[in-house]
Amino acid sequence: MKALCWYGTKDVRIENVPDPQILNPRDVIIRTTLTAICGSDLHIYGGFIPTMERGDILGHEFMGEVVETGHENGLRKGDRVVVPFAIACGNCWFCKNGLTSACDNSNPNAELLEIKDGASGAGLFGYSRIYGGYAGGQAEYVRVPFGDVGPLKIPEGLSDEQVLFLSDIFPTGYMAAENCNIQGGDTVAVWGCGPVGQFAIRSAWLLGAGRVIAIDKYPERLDLARKGHAETINYEETDSVIGTLKEMTGGMGPDFCIDAVGMEAHGSFLAEAYDPHQAGHDAGNRPAHGASRRDPGLPQRWNGFHSRRLWRIH
Ligand SMILES: [Zn+2]
Ligand SMILES: [Zn+2]
């Protein structure tokens, strides 16, 4: 089959590779009908994720048709499914408590992830050896372990395009909004209007927001945010994002802030998005173009919103 394989930083290639095989009774093989590129694939492409090996197959957002099943499986040949990116066994404490991305059984390299992050997590498709070394879905066929747990059967009448984003970015945006615990009428500000930000905007409405304010600089993204009924701020057209937000909300600021900017956003990413004119001097730290997520000064730029809740998604 053909698959997109990683060969090094900024070096990915379509290669012919062996077809996947059923290895365990609960496996299924899926013929991919649609797959997506995620912002998180850029972490791998840009060389930020350790333990990738040459030839590893990328992709964790995919869907397709079941073409083969192990003998212990609730799925059947011909089922159309969309596959969540985290691999979950369904039996461990975490899975039984709805915390499937922390599954205790699906990541054979959990100790490595513990070294990196301080705690282990589930295996992920197409996402390096520390996340289990599973082949990804940017390929013609994929082996999906625990096929009876993760894959969602697609009801009749829904197209691939309508359900593909259930694999990752819709739930990601939804979870950020859900974590806000929005009470009816709250104002939610969303930094970053890429795909995940767009889903966060729409999810905030679904969960009862009274206002949604979206911040970005790209006109087409801001247009799409307005189509989702958000008010918008182009941060390149204002002296102060924070000042504008306060003006728009009677001095209060938003009730909740969602950061959907992404790890490798352009320029100094988060710092500039928050407030280009304050970044770099509020906390006496480095100029904006050296800022990073671990920059100890960064939270102080969120002045005015420090008592409220901020959720980051990437
Ligand atoms: Zn993703
Ligand atoms: Zn589990």
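1. How many bridges join strand 3 to strand 9? Four do, and strand 3 (residues 28-35) runs antiparallel to strand 9. One bridge partner to look up is V144 in strand 9, which pairs with V28.

2. Before going on, note that this is a predicted model, where local features need pLDDT of at least 70, side-chain atom pairs count only at pLDDT 80 or more, and totals for chains, interfaces and linings use all residues. Residues are numbered from 1 along each chain as its sequence is written, while chains are lettered from A and ligands numbered from 1 in the order in which they are written.

3. The protein chain has nine helices and 15 strands (DSSP runs numbered from the N terminus: helices are H or I with at least four residues, strands E with at least two).

4. Now the sheet: five strands make an open, antiparallel sheet ordered 9-3-5-6-10 (strands pair if DSSP finds at least two bridges between them). Strand 9 (141-144) and strand 10 (152-153) each have a single partner strand, so one side of each lacks a neighbour in the sheet.
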